[in-house]
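Dear colleague,

I am handing over the structure below, and after it I set out what was found. Please read the notes with the structure open beside you.

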Amino acid sequence: MQQQPKVNKQSIYQSDERKPGRRVCSKRSEIRPEPYTMATIRIPRWAGIGVGLLTVLLLLGVEAQVPGFGKCPKVPVVENFDTYAYLGRWYEQEKYPFFFELGGKCITADYSLNPDGTIGVLNTQKNSITGNENSIVGSARIVQSARLAVRFPSAPFNVEAPYWVVGTDYKTFAVVYACSDLRGFINAKVAWILTRKRHPDIETMKKAYAVLDSAKISRAYLTRTDQKNCGEELVKVSKGVYKTVVKG
């Protein structure tokens, strides 16, 4: 039997000089895949824009939820704001969509005076599914008149957020507004209607709506807060004296 000639395997994997431009594998080199790029995996541009917008809104502050373009509008606030008259419990009736209150009901805000002169803040709500109660503690400082800055140390973003009292009679209702913007290009805002009673009458709500309309704050984004089947309610008996009663 005729012996087969020996083949030089190394020459098979080396470049073939007789065919320029032809790519031939080299046994000595290691083949590595090219890294993935944006062009390779074809991520749509709108996805990147959406992520960027979400990041900006988070950086603007935890309070802000309704996005818009341009600078924050100029909104009037209460003149000669009486901090002491504003203290006590408020029940949230309506608000702009607010991330940290999703799935919450029976939402209340309790304001008290801290020894250092700041205002203590205690926000409480119940989970509408489980019924479990949770709360968050913070503090507020007066920036100017009825313009306050609120901070919640345990929040994911421990930054000061604006809290502007646009209108209140201290006894029945309060309208609160907040807005933050990023160099005038984009803004995010939120608004609340608070009342002293868990179930206010229509006249109280009309007064709050009138304040919103006068300040040119849109009511289109307002959503109703569920205050049904909440149990106890704090009722004012006399000046500085409150008692707890069971109500729906």
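This is a predicted model: local features need pLDDT of at least 70, side-chain atom pairs count only at pLDDT 80 or more; totals for chains, interfaces and linings use all residues.

The expected span of a helix is taken as 1.5 Å times one less than its number of residues. Helix 5 covers residues 202-214, and its 13 residues should span 18 Å at 1.5 Å a residue, which agrees with the 18 Å between its end C-alpha atoms.

The buried residues of helix 5 are T204, M205, A208, Y209, V211 and L212. Seen down the helix axis, these buried residues fall within an arc of 155°, so they line one face of helix 5. The cover over them includes strand 2 (88-95), strand 7, strand 8 (173-182), strand 9 (186-195) and strand 10 (223-224), whereas the face turned away from the buried side carries the exposed residues I202 and S214. After helix 5 comes K216, which has a positive phi, near 60°.

Next, the disulfides. A disulfide is a covalent bond between the sulfur atoms of two cysteines. The count comes to 2 disulfides, and with the bonded cysteines counted along the chain they follow the pattern 1-3, 2-4.

One of them joins C72 to C179, with an S to S distance of 2.1 Å, and this pair links distant parts of the chain, since C72 lies in the loop between strand 1 (66-69) and helix 4 (83-86) while C179 lies in strand 8, 107 residues apart. The link is left-handed, with -85° about the S-S bond. Buried means under 20% relative accessible area, so C72, at 18%, counts as buried, and C179, at 5%, counts as buried too.

C106 and C230 form a disulfide as well, with their sulfur atoms 2.0 Å apart. This pair also links distant parts of the chain, with C106 in strand 3 (residues 104-113) and C230 in the loop between strand 10 and strand 11 (231-238), 124 residues apart. The link of C106 and C230 is left-handed, with -85° about the S-S bond, and both cysteines are buried.

Finally, some strand pairing. Strand 5 (residues 133-144) and strand 6 (residues 147-151) pair in the antiparallel sense over 5 bridges, with S139 having R151 in strand 6 as its bridge partner. These two strands form a hairpin with 2 residues between them, and S145 in the turn has a positive phi of about 55°. Strand 6 is in turn joined by 4 bridges to strand 7 (residues 161-168), the two running antiparallel, and L148 stands opposite Y163 in strand 7.

Note on methods
Residues are numbered from 1 along each chain as its sequence is written. Side-chain values use heavy atoms; hydrogens and water are left out. Two strands pair if DSSP finds at least two bridges between them. Buried means under 20% relative accessible area, exposed over 50%, partly exposed in between (1.4 Å probe, protein chains only). The arc is that of the directions from the helix axis to the C-beta atoms. Contact means heavy atoms within 4.5 Å. A disulfide is a pair of cysteine sulfur atoms within 2.5 Å.
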